[in-house]
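Please look over the sequence and the structure shown here. A short briefing comes after them.

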Amino acid sequence: MSRNWTRYIAKRMTALVCLVFVISLGTYSLMALAPGSLVDSLLGPRGRTPEAVAAVRQEYHLNDPFLVRYGEWLGGAVRFDFGNSVRTDESVASGIEQRAGVTVTLALMAFAMVLLVGVPLGMLAATRKGGALDGGVVSLTTVGVSAPPFASGVVLLYLFAVVLGWFPPFGAGQGFLDRLWHLTLPAVALALTAAAIVVRVTRSTLIRELSQDYVVFARARGISRREVLTRYALRNALVPIVTVSGLVLGYMVGGAVLVEIAFSLPGLGSFLVDSIQYKDLPAVQGVVIVIAVFILLVNFLTDLLYVVIDPRIRLGGEVDG
Amino acid sequence: MADLTGVAELAPAATAVEVEGPARRRQRPIFVILAAAVLAIVVVLAAIGPQLAPHDPSAQNVLLGTSGPSAAHPLGTDDLGRDILSRVFAGARSAVVGPLLIALGAAVLSATFGLAAGFRGRRTDSVIMRLTDVGLALPPFLVILVVAGIFNGGYLLAVALLIALFAPWDTRIVRGATLEQAPRPYVEATTVLGLSQRRTMWLHILPNILPLIVVTACLDFAGGLVALSGLSFLGIGVSPGAADWGRMLADNEPLIFSNPAAAIAPGVAIVLTAAAVSVVGDWAYERLSGRQGR
């Protein structure tokens, strides 16, 4: 068993490294093709001299061939050195470090909300299938799935920060508790869409499981409703729920961009948008690689979780019977 | 099967649930009527919104500046004194045209590739499936954000990218439905009659999986609207000052203390339109697949 695990993890890690390599080459070529050169964004339209242009080209190695530049960048990137930002002239890696905290806290808070609200609500709706509560939950998810985080963010901002004044409207806060308090509204905005999806998946898989024969037999054997639901049906519904939770974490990276802009939070997402707007290519590359690695790791962990929760799924993908 | 995609092959259980979802998610008649009404209004506004608007959507009144709702301006004005209601009317156009193109484009692509993969099988299938794998690995919103942002992308570039990024998901759905149809007697009959594969796919299998394609296209419309307005919220894809719901939300967010309606109205418009399309999609699925009796 343990040899299987080692082999499987080694295989997946190799694939992961290859994928990151391909993505990095892809983004690097994309940046090289981008209109508006680095020289333009650094020197601006006025007062440029041939000497200044030459100096910039020298500093950023623009005279080297493409693959040489990519190789140099890659050599730095594996040591978590993405070069210096064109905009601030500070190291991109330290910019990412400073801003990752807000994004990670935001995503974790939102993810916790999604699981703590989404799964129980889906279970509740499934057990009362066809009732008024079920109907209400289903209608809510239709709105929730359609509500992008920046739109729900503005409504939340208005209700809870402007009208009621319970939460601060802007900023990320200082210290741990203050930060949690500042990030509550953004996290709710980020969690809404994802929670709606998790509710739907939980509800429909549970409804399918609850209509299976083993549920009827378990009830006939005198096992309580609650126990059948949590020990039997929920356990069998876990694989789709884990799948969708993995997808949700990936979605949150994109959603965080919108939420951070809507709530003026200094996180990775706003860093990415600022860098894109300024054509700060080293910073964009750095953030893209960090995000790609994160998403790939989440996918990997989701696959590992399948094996843990469903013994029929074997490492490497063979399924019994 | 014993490769890295093995586990992932089991994973689409969730996608399958979502695909089956609409059939179980029966919408109540009252919601369907409301949703259809919202859609009708949005479509009319997209066609002739600026003519129906009480004011010129881009007429500035800097002396008036930001003002709250009043008789002359039901939703108030923004910081340049432009009428919010008129701008919401005018914004309907970019909220319909782009998502419509995305839904149609993704539907055509996914029908072409999904039918071929599901019906021809073998090499066609494996080549198409490996291609969709690439698409499924990319988070759509981040890709268009980076690509459209770096290339100073306009609205149409964003639309084209979204078609390319939505198509792989839809192709999988169409392929799955085609696989389900392929062993049925009517398909065998077409083979016995000597119909060409192309004819069987487009004239016989397609009508049977059309409900699924319609509901998927509706979800693409909603997803496309959300993604496009997200991009314009970030200032990518539309020119500054354009009457676009996402852009208005971003521009008017600072007015949340003086005229909150200016920021909330475009957000409500986005959510209502997207929700209405998915409700109507669910309803159409039920009707087309003849399940309204159940």
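The points below are grouped by topic, from whole chains down to single residues.

This is a predicted model. Chain A has 12 helices and 0 strands, and chain B comes to 11 helices and 0 strands. The largest nonpolar core counts 164 residues, among them members from chain A and from chain B.

**Chain A as a whole**

- The C-alpha trace of chain A spans about 85 × 60 × 35 Å along its principal axes.
- Of the 321 residues in chain A, 40% are buried.
- Taking contacts in chain A with a separation of 6 or more, 72% are between residues 24 or more positions apart.

**Chain B as a whole**

- Chain B reads α-α-α-α-α-α-α-α-α-α-α along its sequence.
- Buried residues account for 49% of the 294 residues in chain B.
- In chain B, 72% of the contacts between residues at least 6 apart in sequence join residues at least 24 apart.

**Helix α5 of chain A**

- Helix α5 of chain A runs over residues 92-127 and has 36 residues.
- From its first C-alpha to its last, α5(A) reaches 50 Å, which is close to the 52 Å expected at 1.5 Å a residue.

**The largest nonpolar core**

- Seven residues touch the most other members of this core: A:V198, A:V248, A:M252, A:V287, B:I144, B:L145 and B:L162.
- The helix that gives the most to this core is α10(A), with 20 residues.
- In soluble globular proteins, nonpolar side chains tend to be buried together.
- Beyond residues up to four places away in sequence, A:V198 touches A:V114, A:G118, A:V119, A:G122, A:V244, A:S245 and A:V248.

**A:V242 in helix α10 of chain A**

- A:V242 lies in helix α10 of chain A, which covers residues 225-262.
- A:V242 counts as buried because 21 other C-beta atoms lie within 10 Å, and the cut-off for buried is 20 or more.
- Apart from neighbours within four places in sequence, A:V242 is in contact with A:T302, A:L305, A:Y306 and A:I309.
- A:V242 and A:V86 are 156 residues apart along the chain, and their C-alpha atoms are separated by 40 Å.

**A:S264 in a loop of chain A**

- A:S264 is found in the loop between α10 and α11 of chain A, where α11 covers residues 268-277.
- Although A:S264 is not a glycine, it has a positive phi of about 45 degrees.
- A:S264 is partly exposed because it has 14 other C-beta atoms within 10 Å, a count between the cut-offs of 12 or fewer for exposed and 20 or more for buried.

**A helix pair in chain B**

- Helix α4 (residues 84-120) and helix α11 (residues 261-288) of chain B have axes that come within 10 Å.
- The axes of α4(B) and α11(B) cross at roughly 35 degrees, and the crossing is right-handed.
- On the α4(B) side, the residues that meet α11(B) are B:I84, B:V88, B:G91 and B:A95.
- On the α11(B) side, the partners are B:A261, B:A262, B:A265, B:P266, B:A269 and B:T273.

Technical notes
Residues are numbered from 1 along each chain as its sequence is written. Chains are lettered from A and ligands numbered from 1 in the order in which they are written. This is a predicted model: local features need pLDDT of at least 70, side-chain atom pairs count only at pLDDT 80 or more; totals for chains, interfaces and linings use all residues. Helices (H or I, at least four residues) and strands (E, at least two) are DSSP runs, numbered from the N terminus. The expected span of a helix is 1.5 Å times one less than its number of residues. Two residues are in contact if their C-beta atoms, placed from the backbone, lie within 7 Å. A nonpolar core is a set of buried Ala, Val, Leu, Ile, Met, Phe, Trp, Tyr and Cys residues joined through C-beta atoms within 7 Å. Axes are lines fitted to C-alpha atoms, for helices over the stretch in contact, and angles run from 0 to 180 degrees between N-to-C directions. A crossing is left-handed if the near helix is turned anticlockwise from the far one by less than a right angle, and right-handed if clockwise.
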